[in-house]
Amino acid sequence: MTEPLLRMSLIGKRFPGVQALDNAGLEVLPGEIHALLGENGAGKSTLIKILSGAQQPDSGTIEFAGQNVTMTSPHDAQRRGIVTIYQEFTLAPNMTIAENVFIGREPGPGVFVDWRKMAAETKKITARLGLQLRPMSIVRELRVAEQQMVEIARALSMKSQLIVMDEPTSALSSTEVEKLFRIVRDLKAQGLSIIFVTHRLEEVMQICDRYTVLRDGRLIGSGAVADATIQGIIRLIVGREVNALFARRERASIGGVVLRVEGLTRLGNAQDQNATVLANVGLEVHRGEILGIAGLVGAGRTEMARAVFGADPFDSGRVVIDGREVRIRSPQDAIRHGIGLVPEDRKQQALFLALAVRTNLSMASHKQLTRWGLFIDEVAERAMVEEYRKKLNIRMASPEQIIAGLSGGNQQKVTLARWLALGPKVLIVDEPTRGIDIGAKVEVHNLLFELARSGIAVIAISSELPEVLAISDRIVTMREGRVTGEIMSEEANEEILMSMMTLNTKAA
Amino acid sequence: MTQDPPSDTQTPARIDIIGFLARFAPLIFLIVLMTGFALYEPRFLTPLNLFNVLRQVSIYGLLAVGMTFVILTAGIDLSIGSLVAFAGLVAAAVSKGGISNRFTVGAGQEAASYGWYLAALAAIAVGLIGGFVQGFAITRLKVPPFVVTLGGMSAFRGAALLFAAGGPISGFEPSFVWMGQGRILGQLPVPVVIFLTFAVLAHIVLRYTRYGRQVYAVGGNPEAARLSGLNVRTVTTSVYVIMGFFAGLGAFVLSARLNSAEAVAGTGYELTVIASVVIGGTSLFGGVGTIFGTVIGTILIGVLLNGLVLMNVSAYIQQIIIGIIIVLAVAFDTFAKSRRRTG
């Protein structure tokens, strides 16, 4: 067997009040793609931070390229050939691609920058990645997938031997994921090793050679992907059987139409006047139904949801609730008409990270909690929090805990509870399980089923096709701001959905 | 569920230490400072001196209470010193019986003098209007608060200079002067009572009302606030109106205490006031802070200046010390914020 490129063994790391890592380990062979797996809180991020030099371990050893090493800083790790690409990119958005690739290492005489050389080198590296990006483009104007490529280009320019990618596919559409995988395989062929941190096990089966599973900060198991099954890996990750995982649900009894959207159109945005964000979108949802919306990133799913909720303006179209046309020009209007929205980006759009769980949960319910038109009735508020803590199994130390300290799954439950407390007729959930661990995903799915059963019309947007298939009664697909098809979920599978999502609308 | 991630149950302990420090650091610092001064200079801990400190800080304190609302929304108001000068002059003129009588010498007996309450109302009205105009510019014209209130700083000062036409307005009727110089029960200076009363009111508003929740929400995450159905523009405008109210009230009390109003009054107040709020633990990033902290921060600055005076430290060095403390307070805030992020 070949000597591993990286061997981390018996790594321990303690934060005040929590043992984040306890005998964690990781071995990566030269020229392999290695999956690092585990639930949120399992210790993956901490292990990666230690590997990248951002944090120091309390105990354990790291061998890299046959030497015992201590990574004192990210810069030190990069010098040795270990580069980490975090989920949240570390690019300077207002600078060019070339500047970002060579940031801190600009070529040139003395204090001056040799722009020509920098651009030429950048071009060479991006060509190696099979990309056609102009080195002088401003990073802010690139799409997320392209920005990720710039990160990879930067890693390559540092002559790295090991690239760590933290959830690289979470913000990409499936075509972009394919492209990323092609590049990753290329890098592997060039002899680099890649550590792939992900929640998506299908991707592990598709691209990784070996895997390592962490649970509660410990090394639980590792092996060759070829010898493993998804069910087997899930068992390692959660330490229990998850039979319910993505199981299709029993169909609830579905009632009349609650929300109907007709001819929803939103013309170009500030950057591109020609782009049509939403073109004549029409759909309807019934009482007790879960309507899935599938589509690639940029298909207009989120934009549709935001327009219906009044978060973004639209140019024409009608929103009809219970047979009556309503005027929605702000989230306040939407809420008054019984529509709720759980937005796609929890931290940026839903949570008040510095505030308590209690305050976060009741944020949309101030009206019903107000006494004498002025004061918040905190007794009623606490009762509300307690009610939803029980109903949704929200795990927290106390209602006064700052919400930043909760896991992603529990934060998402609080966000859901915020809307449930209002008793909405229609609840739109945008990527309801993004970035939360498998156990919590199942809980969120079950919760959506229960909401539908209680008579709420649910619109669920998800980029994960197995999820859309599992939770929806009916699925509408979108592409480039248009609805491209509609199908009952029993009749659908991933292939059918994928072809509907990528269908040329003009032919349809 | 058996698979509770350990972070769920463990992080609160860590957060609480930081939370505790963030909340009580100013108070601890104040106690240490007072103990130090008391040991060094016996005159410091006399009731007379302590009431003096409170009286000196009460106008800064009123302004700092208003500024807390603004900073909680991640805003800033640099115009308050100028607004205080302008509102003070208007109050003075009203007290003197109108613009044409404003330079009449004496306590206004000769002229048709109005009572203190009309003067107070006039000052507050000026403050409210000034605050509303700035809030409107920030929320509707989408100009950053820093720029709008920098403009206001210049414009209100100009208005004050124009209004004063060069000279101070002084010599008010006794009931007006009492609001600034009088004592209740022979002990409590009136400005201190006004300051603490409004601090308590503001505390109740921020802590217990629906509006207070909205201020924290808008400051903590405006987008999430909007998507939760809050009217972000109205809330944002309102904090500048509240700031304006306190600027007007502060201007009234200041004129009464000095028995005079002049166009250069309030110069540099914005710095001391922002410092008081920030030292009191309110985050410049918005969404975090309390009136209690602001009151402590205000008193802290007052005690510091008073103690340094008693120790014969030069006014120039005092300014240097205040400057350093502001930077340290913000550094602490940034540190606390980074802990909240990772927590």
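A residue is buried if 20 or more other C-beta atoms lie within 10 Å of its own. Keep this cut-off in mind for the first exercise. The model is predicted.

**Exercise 1. A helix face in chain B**

Task: Find which residues of helix 6 (residues 174–181) of chain B are buried, and where they lie on the helix.

Solution. 
Step 1. Apply the cut-off. The buried residues are F176(B), V177(B), M179(B) and G180(B).
Step 2. Look down the axis of helix 6 of chain B. The buried residues fall within an arc of 145 degrees, so they line one face of the helix.
Step 3. Find their partners. They pack against helix 3 (80–95), helix 4 (116–139), helix 7 (190–208) and helix 10 (232–258) of chain B.

**Exercise 2. Two helices in chain A**

Task: Work out how helix 4 of chain A and helix 5 of chain A are oriented to each other.

Solution. 
Step 1. Take the axes of helix 4 (residues 115–128) and helix 5 (residues 144–157) of chain A. They come within 10 Å and cross at roughly 110 degrees.
Step 2. Angles of 65 to 115 degrees count as roughly perpendicular. The two helices of chain A are therefore roughly perpendicular to each other.
Step 3. List the contact. Helix 4 of chain A gives T122(A), I125(A), T126(A) and R128(A). Helix 5 of chain A gives A153(A), L156(A) and S157(A).
Step 4. Sort by class. The contact has 3 nonpolar, 3 polar and 1 charged residues.

How values were computed:
Residues are numbered from 1 along each chain as its sequence is written. Chains are lettered from A and ligands numbered from 1 in the order in which they are written. This is a predicted model: local features need pLDDT of at least 70, side-chain atom pairs count only at pLDDT 80 or more; totals for chains, interfaces and linings use all residues. A residue is buried if 20 or more other C-beta atoms lie within 10 Å of its own, exposed if 12 or fewer, and partly exposed in between; C-beta atoms are placed from the backbone. Helices (H or I, at least four residues) and strands (E, at least two) are DSSP runs, numbered from the N terminus. The arc is that of the directions from the helix axis to the C-beta atoms. Two residues are in contact if their C-beta atoms, placed from the backbone, lie within 7 Å. Axes are lines fitted to C-alpha atoms, for helices over the stretch in contact, and angles run from 0 to 180 degrees between N-to-C directions. Angles under 35 degrees count as roughly parallel, over 145 as roughly antiparallel, 65 to 115 as roughly perpendicular and the rest as oblique. Ala, Val, Leu, Ile, Met, Phe, Trp, Tyr, Cys and Pro count as nonpolar, Asp, Glu, Lys and Arg as charged, and the others, Gly among them, as polar.
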